[in-house]
Amino acid sequence: MSDLKKQIIVQLNLKDLKPEDIGDDQPLFVEGLGLDSIDALELIVLLQQEYKIKLSNAEDGPKVFQSVRTMAQYIKEHQVQK
Amino acid sequence: MSKQPDRNLSSEKYITANCAIDNGVVYVNGASVFENKTASISEFLDKAYQHFEIGYPKFYKMDNLSKLGVLGTDLLLKNNFNAHNYKPDEIGVVLMNASASLDTDIKYYKTVNDIPSPALFVYTLPNIMIGEICIKNNFKGENAFFVFKSFDGTFMARYVNNLFAENVIQACICGWAELLGENYKVVLYLVEKKQTNQSSLFNEENIKKMYRTNNG
Amino acid sequence: MSASVLIAGVGVISAIGKNVAESLDALESGKAGMGQMHFIDSALSDKLPVAEVNLNNKQLSVLSGLSPQISRTTQLSMIAAKEALADAAIENFDELRTGFISANSVGGMDRTENFFSDFLRDPSKGRLRDVVHHECGSASELVADDLGIRNYVTTISTACSSSANAIFFGARLIKHNMLDLVIAGGTDALTKFTLNGFNTLMILDQEFCKPFDENRKGLNLGEGAGYVVLVSDRILSSLKKDPYCSLSGYYNANDAFHQTASSPGGTGSLMAMRGALAESGLSATDISYINLHGTGTHNNDISEGTAIKELFSSPYPKMSSTKSFTGHTLGASGGIEAVFSVLSIRHGIVYPNLRLTTPMKELPFIPETKFLKNQTINHVLSNSFGFGGNCSSLIFSKL
């Protein structure tokens with residue numbers, strides 16, 4: 001999950017943050033990191049670019065991106081085997 | 001919320017602050033407040049942001065044009081403007097440039113070949129810079145963005161004066177905010193109906209004088 | 001400051017017709033302009049319906065009189081602006097102080113993006129001539145020159161509210177006695193740039209859009225141009241025909257919420273509509289028809305709907321989104337919809353909001369689903385809300 005946090009920081013330009021600043025279960029949207037809808041779309045791009053996972057239904061977004069842990073879990077379940 | 005035109009057309013407007021960013025230097029009211037002539041524009045913007053402790057993490061997500069606009073506005077207003085004197089819908093923003101959002105258009109377009117970036121696409125309109133300024137400062141008054149080959153102080157004076165005359169706004173942030181690659185120039189004016197010890201009349205002569213003075 | 005700003009001429013081109021007459025036919029017969037992409041070579045052509053003008057660049061150039069190498073954005077602008085000026089039939093045009101205020105968001109992008117892909121592969125390829133007119137202002141200058149505009153030309157670029165802003169800026173110049181006649185409006189052509197961008201924001205519908213429907217899924221992109229000829233009542237005597245109506249109110253405000261989404265309560269929309277009403281001296285009950293911004297995205301329609309709910313009460317004015325016909329024409333939308341608003345007053349008609357089957361549960365009103373004739377249309381409110389929180393409303397009034 002530490003790697004994932006680093007990727008999130010880069011993808012979303014969260015320059016003031018370090019991976020240690022993001023809790024595994026901390027809510028990413030609304031409270032917590034306070035990310036917005038454009039950030040959600042960038043996370044979808046991240047999934048595709050780094051993990052080759054295509055999230056075509058934006059409505060699944062809130063569940064998948066709830067926290068770093070839920071994201072990591074989703075990636076584990078859906079990552080395309082190389 | 002009826003706004004009758006201000007029949008007192010002689011009520012003067014004043015430039016109560018100005019900010020310019022040009023050639024690696026930031027000027028506020030004519031004095032240099034920050035300098036870094038060796039950094040690239042991206043580094044320069046982030047360094048200036050950190051130096052002035054702006055404390056607005058969304059800054060890092062913006063494109064260079066919006067960063068310039070937000071940085072410039074912040075410094076223009078800091079110590080010079082009391083937003084509490086106005087209602088949000090009384091403060092207008094009128095900006096112009098030559099390249100619109102071309103700098104980001106190019107960066108965005110490069111991503112189209114792979115996976116188009118939503119965060120970049122958002123900035124492929126020059127008025128998003130105004131949007132960012134308004135969001136950060138809670139300005140809800142009229143805003144406009146014009147594309148001109150070069151800075152037209154005459155146009156700006158007339159346009160902004162008309163807004164005041166029609167009582168559409170009571171304060172205005174206006175000016176030029178151009179960026180393309182490593183070439184940029186921002187000159188912003190804060191215009192209000194009150195005089196201060198360092199203000200000057202909002203007229204073409206002063207507008208042009210301030211535009212030139214800061215030319216590195 | 002003088003009294004009235006009148007509309008003396010209108011011109012429009014979009015997916016539903018290359019001029020006013022064809023557009024009115026389509027609006028009356030319910031024939032929407034969406035379909036499969038023909039003129040853009042994109043990986044998205046099979047997936048996304050768009051509302052293209054049904055003419056290739058060569059055919060457009062025959063209508064515009066410009067070289068076929070000139071950007072589609074400019075071609076569309078020329079065609080609609082020429083129609084508007086001809087419609088106004090001003091005899092002493094050359095004696096007047098004239099202006100052209102045009103808006104667009106893509107400029108010459110359609111040519112540039114083709115240049116760019118060639119150029120990226122091989123820097124010696126790509127016709128440089130294609131990018132000469134890329135910047136937004138070029139489109140306006142080419143058209144202004146051709147129309148013989150002498151005193152004033154400028155370009156506004158504020159996303160989807162651009163041409164509405166162009167129109168009321170033109171009105172201001174007339175009211176302040178700086179110009180006598182202004183052709184104002186906007187244009188935009190479809191490009192891969194915008195298609196990919198909107199697709200990546202996930203706000204495009206993969207079927208034909210359903211503005212203000214409970215199950216709406218997004219917008220369809222469109223292209224086109226729309227212009228009105230604004231004149232001062234000072235030159236009323238030089239008009240050969242009766243003017244269509246007046247532009248009685250306008251207002252612009254910033255929602256200050258998000259770069260691309262509207263605030264849930266529709267603050268910006270509410271301020272724009274309220275401001276336009278105050279400017280015109282009208283109250284909400286005076287409005288006969290609202291031409292909605294109505295893009296079909298989840299966000300816009302609930303935001304705009306909420307603002308209307310706040311400002312108006314039962315019996316609600318008739319309303320509809322003509323984007324259900326033309327798609328979202330971005331920088332041109334304010335101009336195209338201004339033309340439709342003016343025609344609504346002239347002909348006493350209300351356009352249907354197509355493909356609305358399930359009304360939105362949060363709203364106490366339903367847009368019109370049928371074309372209506374013989375209506376008493378005294379005042380029309382036209383909304384245009386753009387990215388960057390830029391919200392504008394225009395009010396047109398019967399004379």
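Mentor: Helix axes here are lines fitted to C-alpha atoms over the stretch in contact, and angles run from 0 to 180 degrees between N-to-C directions. Keep in mind that this is a predicted model: local features need pLDDT of at least 70, side-chain atom pairs count only at pLDDT 80 or more, and totals for chains, interfaces and linings use all residues. As for labels, residues are numbered from 1 along each chain as its sequence is written, while chains are lettered from A and ligands numbered from 1 in the order in which they are written.

Now, the helix pair. Helix 1 (residues 41–51) and helix 2 (residues 64–77) of chain B pack with axes 10 Å apart, at an angle of about 35°. Their crossing is left-handed (the near helix is turned anticlockwise from the far one by less than a right angle; clockwise would be right-handed). From helix 1 of chain B, the contact draws on Ile41(B), Ser42(B), Leu45(B), Ala48(B) and Tyr49(B). Helix 2 of chain B answers with Asn64(B), Lys67(B), Leu68(B) and Leu71(B). Contact here means C-beta atoms, placed from the backbone, within 7 Å. Sort the residues of this helix contact by type and you get 6 nonpolar, 2 polar and 1 charged (Ala, Val, Leu, Ile, Met, Phe, Trp, Tyr, Cys and Pro are nonpolar, Asp, Glu, Lys and Arg charged, the others, Gly among them, polar).

Step back to the whole chain. Chain B has 7 helices and 8 strands, which are DSSP runs numbered from the N terminus (helices H or I, at least four residues; strands E, at least two). The C-alpha atoms of chain B fill a box of roughly 55 × 35 × 35 Å along the principal axes. A compact globule of 216 residues would have a radius of gyration near 17 Å, and chain B agrees, with 17 Å (taken over C-alpha atoms; the rule is 2.2 Å times the number of residues to the power 0.38). If you take contacts in chain B between residues at least 6 apart in sequence, 71% of them join residues at least 24 apart.

On to the partners. Between chain B and chain C, the contact takes 36 residues from chain B and 37 residues from chain C. On chain B's side, the elements giving two or more residues are helix 3 (102–112), helix 4 (118–121), helix 5 (127–137) and strand 5 (143–147). Helix 5 of chain B gives the most, with 7 residues. By type, this side of chain B divides into 21 nonpolar, 9 polar and 6 charged.

Chain A touches chain B too: that contact takes 8 residues from chain B and 11 residues from chain A. Chain A's side of it holds 5 nonpolar, 3 polar and 3 charged residues.

The domain assignment, automatic or from a database, gives chain C domain 1 (5–238) and domain 2 (247–397). The C-alpha centres of these two domains of chain C lie 20 Å apart, and 60 residues of domain 1 are in contact with 53 residues of domain 2.

How values were computed: Contact = placed C-beta atoms within 7 Å.
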